[in-house]
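I opened a new page today for notes on a single protein.

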Amino acid sequence: MSEPEAFTETFTVRPVGVVQSVLTDRAEAPRQGREGAPDAWLEIDTAVAEALDGVTAGDEMLLLTWFHQADRQTLRVHPRGETSNPVAGVFATRSPDRPNPIGLHRVTVLEIDPARGLRVRPLEAIDGTPVLDIKPVLDEAER
């Protein structure tokens, strides 16, 4: 059986920025932001900096990142890396190891510095993680 065309299509995604964080070791990073992740800076590419127009301190944002150190061959894991948990497919987990290692992070904008980018909290992504996109969190009326 040949692969459907949708499975052979490729996409080009260009990062809009990069994470600057005190977290440098994937093994030492919290698994989720709410588990003690620090503030971090999102250094935004100057070519897309005007896309930040309208973003203000206090805004809740969804940050999409590319887990550049992920194992893209991994399809099944012990959730949260705990061997006491039964093995599950990565689509049923938040594992960074997956076929397309896109990270999803809910953060709050703390500061906007035109020369540096956005300071956000909390962010468990490690230093050097590419930022793919930034989207606002919608309130109930906008959903």
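Which residues line the second largest pocket? I found Phe11, Val13, Pro15, Trp66, Arg72, Asn100, Ile102 and Leu132 there.

Before going on, I noted that this is a predicted model, where local features need pLDDT of at least 70, side-chain atom pairs count only at pLDDT 80 or more, and totals for chains, interfaces and linings use all residues. Residues are numbered from 1 along each chain as its sequence is written, and side-chain values use heavy atoms, with hydrogens and water left out.

**Entry: the pocket**

I looked up what "pocket" stands for: on a 1 Å grid over the protein atoms alone, it is an open set of points where a 1.4 Å probe fits, with protein on both sides within 12 Å along at least five of seven lines; lining residues have an atom within 4 Å of a point. The second largest pocket holds about 230 Å³ of space, a volume being the space filled by probe spheres set on the points, which are joined across faces, edges and corners. I sorted its lining into 6 nonpolar, 1 polar and 1 charged. (Ala, Val, Leu, Ile, Met, Phe, Trp, Tyr, Cys and Pro count as nonpolar, Asp, Glu, Lys and Arg as charged, and the others, Gly among them, as polar.)

**Entry: the overall build**

I got 0 helices and 8 strands, so the pattern along the sequence reads β-β-β-β-β-β-β-β, with helices (H or I, at least four residues) and strands (E, at least two) being DSSP runs numbered from the N terminus. Of the 143 residues, 33% count as buried, meaning under 20% relative accessible area with a 1.4 Å probe and protein chains only. Residues 24 or more positions apart make up 72% of the contacts with a separation of 6 or more, where contact means heavy atoms within 4.5 Å.

**Entry: the core**

The largest nonpolar core has 17 residues; such a core is a set of buried Ala, Val, Leu, Ile, Met, Phe, Trp, Tyr and Cys residues joined through side-chain atoms within 4.5 Å. β2 (40–44), β3 (60–66), β6 (102–113), β7 (117–121) and β8 (130–136) each supply at least two residues of this core, and β2 gives the most, with 3. Val19 is among the residues with the most contacts inside the core.

Is Ile44 buried or exposed? Ile44 counts as buried because its relative accessibility is 12%. I placed Ile44 in strand β2. Ile44 and Leu118 are 74 residues apart in sequence, yet 7.7 Å apart in space, C-alpha to C-alpha. Beyond four places in sequence, the residues that Ile44 touches include Val16, Leu52 and Ile134.

**Entry: the loops**

I found Leu23 in the loop between β1 (17–20) and β2, and Leu23 counts as buried because its relative accessibility is 13%.

Ala125 lies in the loop between β7 and β8. At 2% relative accessibility, Ala125 counts as buried. Leaving aside neighbours within four places in sequence, Ala125 is in contact with Val19, Ser21, Leu23 and His105.

Pro122 sits in the loop between β7 and β8. The peptide bond from Arg121 to Pro122 is cis, with omega near -25°.

Definitions and conventions. Buried means under 20% relative accessible area, exposed over 50%, partly exposed in between (1.4 Å probe, protein chains only).
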